[in-house]
Amino acid sequence: MPGRLYQEEKQKAVNVLNDLKIKLYNKGFFPATSGNLSYKLHDDPLIFAVTTSGKDKGTVTHEDVIFVDKDGKPVEKTKMKPSAETMIHSYIYQKTDAGCVIHVHTPANNFISYVYFEDGKVKIKDLEMIKALDIWKENAEIEVPIVDNFFDLKKLAEESGKAINPDVPAVLIKTHGIYCWGRDEFEAKRHVEAFEFIFELMKNLIIFKGSKDIW
Ligand SMILES: [Zn+2]
């Protein structure tokens, strides 16, 4: 497949990522060039489009997206560098049915990952917003895994990959951010908005109660 991507599918991936990037940037989800996004083109062999490193996500240029394989290596000649955390995206595509992955750094997700890090996970329950994560059971509850923010990005990708629970579309990294995904760009966006809503609310409940034991 390398070198044989169709122009149309490449253009679609670029359009999807640019559109999503601007919408999420406008919500304040990509401060200070942080975060990244990806969109899957093929499963076998895995090829996905991912945003390039260190770019302001509030603007669209012709150097925002790169096409990589499962090892995070560009499949076409390019001077651009894929996002430093590209391998986390690759593990998510390999372990789940994700078609789009969104990574954001926000004060709320950093706060929640800090407060619950020792538990290795954060429990979410009793919230109407859980339905936005496609969980419709009565008294539904889910647990989002939290991994340490390893400085070594290879180690960080491996540990994030190991923590993935295919039934829960997110992994938190301690005082860093969230990786969140969906089968397509609409679902991924809905999921990240739901998680950020939930974390913001939980942060307020923790402060209100003076305890992380809020449920
Ligand atoms: Zn990050």
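What follows is a short tour of a predicted model.

**Stop one: the metal.** Select the zinc ion and show its protein donors: E85, through OE atoms, plus H103, H105 and H176, each histidine through NE2. They lie 2.0 to 2.8 Å from the zinc ion. Along the chain, the donors follow the spacing E-x17-H-x1-H-x70-H. Now colour by secondary structure: H103 lies in strand β4 (residues 100–104), while H176 is in the loop between β7 (170–173) and β8 (177–182), so this pair ties together parts 73 residues apart in sequence. H103 is buried at a relative accessible area of 0%, and H176 is buried too, at 9%.

**Stop two: helix α1.** Pick residues 7–26. These 20 residues reach 29 Å from first C-alpha to last, close to the 28 Å expected. Among the buried residues here are A13, V16, L17, L20 and L24. Just past the helix, check G28, with a positive phi of about 85°.

**Stop three: rings.** How many aromatic pairs does the structure hold? Two. F48 and Y93 form a tilted one, 5.0 Å centre to centre with 50° between the planes. For F195 and F199, the centres are 5.9 Å apart and the planes at 25°, so the pair is stacked. Both lie in helix α5, four residues apart, about one turn.

**Last stop: charges over rings.** Select K57, whose charged end sits over the ring of F30, 5.8 Å from its centre. Then try K155, with its charged end over the ring of F150, 5.1 Å from the centre.

Note on methods:
Residues numbered from 1 in each chain as written. Predicted model: local features only at pLDDT ≥ 70, side-chain atom pairs only at ≥ 80, totals over all residues. Heavy atoms only, no water. Donors = N, O, S within 2.8 Å, 3.2 Å for Na, K, Ca; no water. Helix = DSSP H or I, 4+ residues; strand = E, 2+ residues; numbered from the N terminus. Buried < 20%, exposed > 50% of the residue type's maximum accessible area, 1.4 Å probe, protein only. Expected span 1.5 Å × (residues − 1). Phe/Tyr/Trp six-rings, centres within 6.5 Å; stacked < 30°, edge-to-face > 60°. Lys NZ or Arg CZ within 6 Å of the ring centre and 35° of its normal.
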